[in-house]
Structure formats: C-alpha cells, structure tokens
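The sequence and structure come before the text.

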Amino acid sequence: MTEQTTGSQFRLGIGAADDWRMAVDACLLQLMPLSDAANVGFVYVSDRMADQLPRIMRRLSDATGIEAMIAACGYSIAAGATEYCDEPVVACLIGSVPPGAATLFRSPVERPQGWLGVLHADPQVPALPELIEDFAEACGAYLVGGLVAARGPRPQWAGKPVEGGASGLMFSEDQPILTGLTQGCAQVGDVHQITAADGNVVLELNNRPAYDVLRDCFAVESLQDLRKLTTGLMVGLPISGADRPDYMVRNIVGVDPQAGGIAVGAMMEEGDSIFFCRRDVESAGRDMDRMLSDLKRRCGDRMPRGALWYSCMARCQDQFVREPGELARIQAVFPDLPLVGMYCGGEIAQSRLYGYTGVLALFL
C-alpha cells in the first residue's frame, strides 16, 4: 500500500426530505461545485425512498458526471456525525482517487482484481458467507461493507441498477485506504473445544453436554434462569491467523436441556473452538475507542479525506444509545470527517461476514 495522500478532501451532501427530488437537490447544493478530479461516489438512501433509487442515482450521476458511483438503501443511514433512523434521506459522498484506481462490479460473478473492495450485498443471496470468502480470494482483495437492512425492496446501484444481489467498487493499490473493525460483544468464560456436533447443533463441549457448559459459564441452575440472560447471549468463533485477537459472533437460536445441545446460527464441526459472549455496552465503547486510537496512530500525520462506516443495527439500537455515540466517537478523533455508511444486517471485513461489529474505512 502506498503511503502518500492522493488528493483533496471528499465532499458530503445530505438531503432529508419526503420528496426524493428535494432530497437530491439539497445534496447537490452541498456538493457543488465539484473538483475536476472527482471520480467516485458513495450514496446511501433511506429505505423509504427505495423505489426511487434508480431515479435518485441517475439524477446524481447526470449532475456530477461521475460514473463510478455505488449505492444501497437501508433503514438507518450514517452521514457526517448524524444517524438517520427511519427518515427519508439521501446521503452522498464524492471524492477523487487516482485515474483507473476504481472499478465497478455489479455481480459476485464478476471478479475484478484489486487490493480493497467495497461490497454491498443482499442478505437473501444464497450461501452468502461462502460467496464473500470466494469473491475475496478470487479478487485478491480485502473487503469492507455490509448486508442491506431494509424493509421491503433492497435495491443497489453500481453505475446502473444491480440485479445480482451483490455489487460495489474495487480499488487498486494506487488508492491508500486504512480499515478498522470493532466488536460489540464481550467474551464470557474460557474457549471450549467442540467434541460432538450435528449440523448447527453443538452437542458436546470438552466432552461434556454443551448445555451444561453454557449453564456453568453463566452460573445459572435452570433453563428459566438462562432465559433471563438470552437477550444478547451469543457464541464467538475465534479466527486463527489474525494479527490481533478476532472472532465472529453468531446467535444462539435454541437450547435443548434434555439432549444437552445448543443450536447456533452457523454450521459446527468437531474440533472447532467456541466461546460464549454477550452484547456489552461498556466493552463495545472501549473496543471502538481502541480501534479509533489504532487508526489514528496508523494515519500518522496524514488526515483522512473521507470515510465509509458499516455498523450493525443492534449496535445503534442497543449499545450506543447514550452519548457519545458511534459517529460522535469517530468525529472526536477525526474532526469534520466526511463520512457516509449504513447500519447493516451483517458487516463485511476482510473475507468474512461478521455480526454486531463496526467497520470503518478511511481514504487517505
């Protein structure tokens, strides 16, 4: 990755209005006039305007002259220092990257080569975790992005309307980008080895019934006591080979005290490692501050020109409800940072589909 800063500050336009035309016009008033070097754009639209996304994007593309624009819709949108939840809004981030450094893709079948890709995906795409992993490997790229979380239609745009369920922009090494990931859960107890499993059901941990290990971990006696803890109770799947401790979170979808099994939202195999965790407000805040501090250190004397933010819906609804929120924390470390993004039904980082995380990408 090159170390130089490649151009001018990105520009952010935000339009909040019931009429999509008024929202787009408000965006353009803030964006114009654009630099002659402006050549990429990222647009996030409230799902209340989902049916108008093609019109919104044609208007923005025609007005800016930028072809390499990607867009998705969501229930909640991040723009600047503000989260827009269930509001009609259009947020557009326009910037410049070196000529030829950005390539659109409109389907996971396309495999553009690059070092970092921004990926939007529909959660209904079959075998999505495997698709993301295969796509990253085939492109030789680190991925950031998220799954669209919206009511009703989930349209995407990548230069034109998308029909393949996944789309985005692939960047070459000519454009330096720093990324960070922050977890929203705290580990409870030790890491355990799966000694018996059937599909997504963990039957034994450390040669003991998995339900008994779960109950001991949280020091409860009965299923009724355990049910009181089920909000935010999950499993963590450690990732080996990472440069810092990392894990993927999956939901516990059922327990069977009689059989001793625990059903989780992923396929399990004997020999896998697993631990229990809970969504935790304090640890989520600490880990986000850690991520931001690390990114600030890695930036050195370089200032990010623009940013993309992909966060789990559950984080903004359950964890960062008190000040400072996620976006306020980002702006405190990187003041006046032009930023857009969406709150997701799953977050993408490297080649994996995460949950309850936040993923930040900084354009230098």
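## Overall chain

The model is predicted. The chain contains 8 helices and 24 strands. Its radius of gyration is 21 Å, close to the 21 Å given by the globule rule for 364 residues, so the chain is as compact as a globular protein of that length.

Along the principal axes, the C-alpha atoms fill a box of roughly 65 × 45 × 40 Å. Of the 364 residues, 55% count as buried. Among contacts in the chain with a separation of 6 or more, 81% are between residues 24 or more positions apart.

## Largest pocket

The volume of the largest pocket is about 940 Å³. Its lining comprises 30 residues, and those closest to the centre are Pro129, Leu237, Met248, Arg250 and Ala266. Two or more lining residues come from each of α3 (128–139), β16 (233–238), β17 (247–256) and β23 (352–354). The element that gives the most is β17, with 4 residues.

By residue class, the lining of this pocket has 16 nonpolar, 7 polar and 7 charged residues.

## Gln156

Gln156 is part of strand β10, which covers residues 156–158. Its relative accessibility is 5%, and because buried means under 20%, Gln156 counts as buried.

The side chains of Gln156 and Ser167 are joined by a polar contact of 2.6 Å. Leaving aside residues up to four places away in sequence, Gln156 touches residues including Leu53, Ala71, His120, Asp122, Val162 and Ser167.

Technical notes
Residues are numbered from 1 along each chain as its sequence is written. This is a predicted model: local features need pLDDT of at least 70, side-chain atom pairs count only at pLDDT 80 or more; totals for chains, interfaces and linings use all residues. Side-chain values use heavy atoms; hydrogens and water are left out. Buried means under 20% relative accessible area, exposed over 50%, partly exposed in between (1.4 Å probe, protein chains only). A polar contact is a pair of N or O atoms within 3.5 Å; within protein, one must be able to donate a hydrogen and the other to accept it, and residues adjacent in sequence count only if both atoms are side-chain atoms. Contact means heavy atoms within 4.5 Å. On a 1 Å grid over the protein atoms alone, a cavity is a set of points where a 1.4 Å probe fits but cannot get out, and a pocket is an open set with protein on both sides within 12 Å along at least five of seven lines; lining residues have an atom within 4 Å of a point. Grid points are joined across faces, edges and corners, and a volume is the space filled by probe spheres set on the points. Ala, Val, Leu, Ile, Met, Phe, Trp, Tyr, Cys and Pro count as nonpolar, Asp, Glu, Lys and Arg as charged, and the others, Gly among them, as polar. The radius of gyration is taken over C-alpha atoms; the globule rule is 2.2 Å times the number of residues to the power 0.38.
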